[in-house]
Amino acid sequence: MAWDSIIGQTRAKNLLRAAIAGGRVPHAYLFTGVEGIGKDAAAIELAKALRCEQLGPQGTPCDRCRNCQNVAVLQHSNVRFVFALPTGKGEDGRADSPLLKLSDGEISQIQEQVAMKAADPYHNITIPRAQQIKISSIREVKRDIAFAATEPGWRIIIISEAHQMGEEAANAFLKTLEEPAPNTLLILTSSHKEQLLQTILSRCQEVRFDLLTDAEIAEALTARNNIPRKDAMLLSKMAEGSYSRAIELTNSDLQQLRFDVVAFLRAALKRSPVSVFTEVERLTAGNDRRSLERTLMLLLLWFRDALMLRLTGREESVVNQDQLKDIQSFNSKFANASPERLIRSVEEAIGAIRGNAQSQLAFIVLALRMESICYS
Ligand SMILES: [Zn+2]
């Protein structure tokens with residue numbers, strides 16, 4: 001286990017393991033890449049490795065010693081995990097503790113989120129109104145570093161989604177970065193490094209994390225979340241390289257969305273404006289942009305299936321196995337329709353939805369395009 005619990009990311013893992021094994025750990029790392037690909041998880045694993053009492057070959061933490069276990073549950077006195085918190089009533093940023101002015105309800109929400117992160121380092125911490133990493137959290141970090149550690153050995157500070165530091169917090173943190181303390185490792189993670197101060201960026205060693213492959217996501221969903229293989233394949237293809245995005249999808253009503261897709265396609269190919277309008281009204285009512293985007297992603301997959309089946313003739317290449325008959329009959333009925341053009345028109349609709357276009361209009365335009373491509 002240990003590093004194996006990080007999904008994919010072979011390049012980043014090798015780099016970090018070599019640094020540990022060779023004693024060449026810098027004083028600050030910045031892990032970058034999109035959300036949900038394992039940056040925080042790798043930061044926690046690295047902290048474990050640096051604290052482990054029985055470090056194995058190639059920087060492998062034992063996962064059994066007291067240090068490993070305390071780091072894993074985010075309860076180690078020498079390892080601090082910093083993240084965005086809500087601002088309390090009347091808080092002026094001068095408070096000693098970032099939790100001081102928060103309500104009991106807020107504090108229990110925070111504890112619950114930390115517990116979820118400890119149980120699964122891929123968990124995305126979500127706390128209402130928590131938009132910034134507070135200056136008081138950075139002051140805590142500075143106090144940690146200023147005082148002698150309670151235990152010898154490495155002190156590790158993980159700043160999760162570091163771009164969420166406000167201006168004051170970022171400037172305070174910059175001073176910490178400029179004066180490296182011995183035996184102290186700062187690990188910043190960020191899915192928006194363009195929002196970090198240039199002066200912070202230039203003082204960290206960047207480790208880029210890659211998008212996960214469909215196969216890596218599907219395997220993780222099966223192994224970690226007990227998701228049946230065929231559902232895992234479908235989810236992985238919609239997750240755009242992010243494991244946490246795939247998990248988010250498992251919480252949405254995928255079956256309903258898949259039904260919506262076929263209903264929309266049928267309406268569009270009926271050559272009846274009334275049925276298009278009715279279907280679009282039904283689809284867009286009560287559905288937020290995110291689910292509309294998911295519906296379109298599913299439609300995209302559907303056309304990719306049609307294309308793959310046409311190109312290869314292999315039924316096992318179809319992701320929507322339960323809709324194989326529909327896909328086959330679409331291919332034979334619309335043998336002249338170009339799936340590439342259909343795919344492009346769906347991609348344009350996704351772009352429009354993401355770009356805040358009026359969603360009913362985007363779906364109607366798409367329906368008309370699909371109709372004209374299929375009947376041309
Ligand atoms: Zn250990």
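**Domain arrangement, strand pairing and helix faces**

The C-alpha centres of domain 1 and domain 2 lie 42 Å apart. These two domains, spanning 2-210 and 252-374 respectively, divide the protein chain. The model is predicted. Along the principal axes, the C-alpha atoms of the protein chain fill a box of roughly 75 × 50 × 35 Å. The secondary structure of the protein chain consists of 16 helices and five strands. Of the 376 residues in the protein chain, 38% are buried. When contacts between residues at least 6 apart in sequence are considered, 72% of them join residues at least 24 apart.

Strand S3, comprising residues 155-159, is mostly covered, with five of its five residues buried. Arg155, Ile157 and Ile159 point one way from S3, whereas Ile156 and Ile158 point the other way. Burial applies to both sets, Arg155 included. S3 pairs with strand S2 (residues 79-82) through four bridges, and S2 and S3 run parallel. Within this pairing, Val82 stands opposite Ile159 of S3. S3 is also joined to strand S4 (residues 184-190), in this case by five bridges, and S3 and S4 again run parallel. Ile159 takes part in this pairing too, with Leu188 as its bridge partner in S4. Between S3 and S4 the chain passes through helix H6 (residues 167-178), giving a β-α-β crossover that is right-handed.

Helix H8 covers residues 214-225. The buried residues of H8 are Ile217, Ala218, Ala220 and Leu221. Viewed down the axis of H8, these buried residues fall within an arc of 160° and therefore line one face of the helix. Ala215 and Ala223 are exposed and are carried on the face of H8 turned away from its buried side. The cover over the buried residues of H8 includes helix H9 (229-238) and helix H10 (243-250). Asn226 follows H8 and has a positive phi, near 55°.

Helix H15 covers residues 339-354. The residues buried in H15 are Pro339, Leu342, Ser345, Val346, Ala349 and Ile353. Seen down the axis of H15, the buried residues lie within an arc of 125°, so they line one face of the helix. An α-helix has 3.6 residues a turn, so residues three or four places apart point the same way. The face of H15 turned away from the buried side bears the exposed residues Glu340, Gly351 and Arg354. Among the elements covering the buried residues of H15 are helix H13 (289-312) and helix H16 (359-374). H15 is followed by Asn356, whose phi is positive, near 65°.

Note on methods
Residues are numbered from 1 along each chain as its sequence is written. This is a predicted model: local features need pLDDT of at least 70, side-chain atom pairs count only at pLDDT 80 or more; totals for chains, interfaces and linings use all residues. A residue is buried if 20 or more other C-beta atoms lie within 10 Å of its own, exposed if 12 or fewer, and partly exposed in between; C-beta atoms are placed from the backbone. Helices (H or I, at least four residues) and strands (E, at least two) are DSSP runs, numbered from the N terminus. Two strands pair if DSSP finds at least two bridges between them. A crossover is right-handed if, with the strands pointing away from the viewer, the path from the first strand over the helix to the second runs clockwise. Domain bounds come from an automatic or database domain assignment. Two residues are in contact if their C-beta atoms, placed from the backbone, lie within 7 Å. The expected span of a helix is 1.5 Å times one less than its number of residues. The arc is that of the directions from the helix axis to the C-beta atoms.
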